[in-house]
Amino acid sequence: MFVTKNQFYIFIACIAIGGLFGVLFSLSKVFKKIPIKTVGIITDVFSFVLTGVGFVFLSSVLDFPSLRFYMILGVIAGIFLYMRSFDIMLAKICKKAYNIIKRNKRIKTK
């Protein structure tokens, strides 16, 4: 199989698009904290549908060729990379900020 330079750039763009959709999956985690099980299922389905529609839209805007298997792998890899790196860092930063705000609020009330 002959790989062109253009395919490599499209694959990198698909990884970036997957990273953007990883943010969407992170936001859907907030709704999974609700104790009703169907809310979690609905947010998962909504996230997957929105990811599919968003990918089709961005691929038409960015003028990608017809859908290829490496494009889907790129999006999945981008989501996976986001979840394994930036999501963890963002969660730690938010937790630290929450603890600082909570500590400062406790000090001011005493």
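Just after helix 2, Asp 63 takes a positive phi of about 60 degrees. The model is predicted: local features need pLDDT of at least 70, side-chain atom pairs count only at pLDDT 80 or more, and totals for chains, interfaces and linings use all residues. Residues are numbered from 1 along each chain as its sequence is written, and side-chain values use heavy atoms, with hydrogens and water left out. The protein chain has 4 helices and 0 strands. Its radius of gyration is 19 Å, well over the 13 Å that the globule rule gives for 110 residues, so the chain is more spread out than a compact globule.

**Asp 63**

- Asp 63 sits in the loop between helix 2 and helix 3.
- The residue is not glycine, yet its phi is positive.
- Asp 63 counts as exposed, at 65% relative accessibility. Exposed means over 50% relative accessible area, buried under 20%, and partly exposed in between (1.4 Å probe, protein chains only).

**Overall fold**

- Along the sequence, the pattern reads α-α-α-α. Helices (H or I, at least four residues) and strands (E, at least two) are DSSP runs, numbered from the N terminus.
- The radius of gyration is taken over C-alpha atoms, and the globule rule is 2.2 Å times the number of residues to the power 0.38.
- Along the principal axes, the C-alpha atoms fill a box of roughly 70 × 30 × 20 Å.
- Of the 110 residues, 25% count as buried.
- Among contacts with a separation of 6 or more, 74% join residues 24 or more positions apart. A contact means heavy atoms within 4.5 Å.

- Helix 1 (5-32) has 28 residues. From first to last C-alpha it reaches 41 Å, close to the 40 Å expected at 1.5 Å a residue.
- The expected span is 1.5 Å times one less than the number of residues.
- Buried residues of helix 1 include Gln 7, Ile 10, Cys 14, Ile 17, Phe 21 and Phe 25. Gly 18, Gly 19 and Gly 22 are also among them.
- Helix 2 (residues 37-61) has 25 residues, which should span 36 Å; its end C-alpha atoms are 36 Å apart, which agrees.
- In helix 2, Gly 40, Thr 43, Ser 47, Thr 51, Gly 54, Phe 55 and Ser 59 are buried.
- The buried residues of helix 2 pack against helix 1 and helix 3 (69-84).

**Largest pocket**

- The largest pocket holds about 280 Å³ of space. Volume here is the space filled by probe spheres set on grid points, which are joined across faces, edges and corners.
- On a 1 Å grid over the protein atoms alone, a pocket is an open set of points where a 1.4 Å probe fits, with protein on both sides within 12 Å along at least five of seven lines; lining residues have an atom within 4 Å of a point.
- Helix 1 and helix 4 (86-109) each supply at least two lining residues. Helix 1 gives the most, with 5.
- The lining includes Val 23, Leu 27, Val 30, Tyr 82, Leu 90 and Cys 94. Lys 29, Lys 33 and Asp 87 are also among the lining residues.
- By class, the lining has 7 nonpolar, 1 polar and 3 charged residues. Ala, Val, Leu, Ile, Met, Phe, Trp, Tyr, Cys and Pro count as nonpolar, Asp, Glu, Lys and Arg as charged, and the others, Gly among them, as polar.

- Tyr 98 lies in helix 4 and is exposed, with a relative accessible area of 52%.
- Arg 103 is also placed in helix 4, but is partly exposed at 45%.
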